[in-house]
Amino acid sequence: MNNDDVLAALATVQDPELQRSVVDLGMIRDIEITDDRLSVRLVLTTAACPLKGRIETETHQALAAIAGGRRVEVVMDAMSPEECDRLASALSEDARVPPAPFGPGSRTRVLAVASGKGGVGKSTVTANLAVALAQQGHAVGLIDADVYGPTIPLMFGMAAVAPESHDGKLVPPERHGVKVVSMGFFLEDDEPVIWRGPMLGRAMEQFLGDVLWGSPDYLLIDLPPGTGDIALTIAQILPSAEMIVVTTPQEAASKIAAKAARMALLTKHRIIGVVENMSYFICPSCGEKHFIFGHGGAFEIARAAGTTLLGRIPLDESTRSAGDLGTPPALDAESPVGAVFHEIARAVDALKPSPKP
Ligand SMILES: Nc1ncnc2c1ncn2[C@@H]1O[C@H](COP(=O)(O)OP(=O)(O)OP(=O)(O)O)[C@@H](O)[C@H]1O
Ligand SMILES: [Mg+2]
């Protein structure tokens, strides 16, 4: 008999509260097997565990069954607070298994597009990056996670598209080569949305798991502004998601940098780059670039977050109107703004995917 035999025997003993075996939970320590004695130390999460007696008895019985006449000893003990914390976080991570097809081993790179504040062009960047990636031959999905103000359907000109479902799963409507799911599909016009954390989490899980995505190369997520619930939920559901931060030059660089860094810290996501939007204005008559709001801010943010500046998008009237008309400028890779998005898409594609857990 060796330690593995002992662990195999004890794998049948469950902590009824945590619904896992005491072996999985790392509660079995110090196995000792001698000619006449078989002993283990059993560490519970707390010495005051109400189920202590029951777990002890079952452990004893499981060991007696394999002891071969040896005396069985179960020494009851408790975890240190640090061990307890570690177990709690491991269990909460396990509970959030990413829904297929974005789970472990998935080929899909998930890109979450975030910003420190609203109105900087997150949705514009997400939509155009998605279109550019699709035009470059990638299979692309897009989740509009801005449940407060979903604008992606408008930007894709699909406001009136009612999604179909198949076997209880949603078929994501496709536009400009991008499969799109948005809360906007499910809301009446002007219906106020008051979401609480758990509901948001559930909505995101459904967007990921209950939609027939296939296995796209890229899944882009347009986050709501700020560093709130959704970002954290996505972090929990999709620990391998990569983050792109959108900013404008006039934002107080240091403040936003701190926010972005904090968000990365909170979510443990890799920030793969910063996109500066509304960077400069191209003079329609002379073609010269005017950096109305100054420049250098986004570069500073990128440096503070330990990442790179992926690109600068000009302030451009046709970008705004194209957004409203459902024809993102990235559809035309030759247009001045479209070309910038295509360059950013290539830069993103060139970055090595983060390893899947
Ligand atoms: N480079 C640009 N040139 C001109 N207009 C732009 C540019 N980028 C975005 N806009 C316009 O600015 C407005 C805000 O952009 P967008 O909706 O993409 O921002 P957002 O960060 O997603 O906002 P929110 O925080 O509300 O979700 C839109 O009307 C959009 O068309
Ligand atoms: Mg938006």
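1. Let's start with the second largest pocket: 22 residues line it, and Gly 121, Thr 124, Met 155, Asn 277 and Met 278 lie nearest its centre. H10 supplies the largest share, 4 residues. Helices here are DSSP runs of H or I with at least four residues, strands are runs of E with at least two, and both are numbered from the N terminus.

2. Before going on, some ground rules: this is a predicted model, where local features need pLDDT of at least 70 and side-chain atom pairs count only at pLDDT 80 or more, while totals for chains, interfaces and linings use all residues. Residues are numbered from 1 along each chain as its sequence is written, chains are lettered from A and ligands numbered from 1 in the order in which they are written, and side-chain values use heavy atoms, leaving out hydrogens and water.

3. Back to that second largest pocket, which has a volume of about 380 Å³, meaning the space filled by probe spheres set on grid points joined across faces, edges and corners. Its lining has 8 nonpolar, 9 polar and 5 charged residues. In this count, Ala, Val, Leu, Ile, Met, Phe, Trp, Tyr, Cys and Pro are nonpolar, Asp, Glu, Lys and Arg are charged, and the others, Gly among them, are polar.

4. Now the sheet: 3 strands make an open one, ordered E3-E4-E5, with mixed pairing (two strands pair if DSSP finds at least two bridges between them). Strand E3 (28-33) and strand E5 (71-78) are at the edges with a single partner strand each, so one side of each has no neighbour in the sheet. E3 and strand E4 (residues 37-44) run antiparallel, joined by 4 bridges; Ile 28 has Leu 42 as its bridge partner in E4.

5. Look at Arg 29 too, which is found in strand E3. Arg 29 is partly exposed, at 22% relative accessible area (buried is under 20%, exposed over 50%, partly exposed in between, with a 1.4 Å probe and protein chains only). Leaving aside residues up to four places away in sequence, Arg 29 touches Val 40, Arg 41, Val 43, Met 79 and Glu 83, where contact means heavy atoms within 4.5 Å.

Conventions
On a 1 Å grid over the protein atoms alone, a cavity is a set of points where a 1.4 Å probe fits but cannot get out, and a pocket is an open set with protein on both sides within 12 Å along at least five of seven lines; lining residues have an atom within 4 Å of a point.
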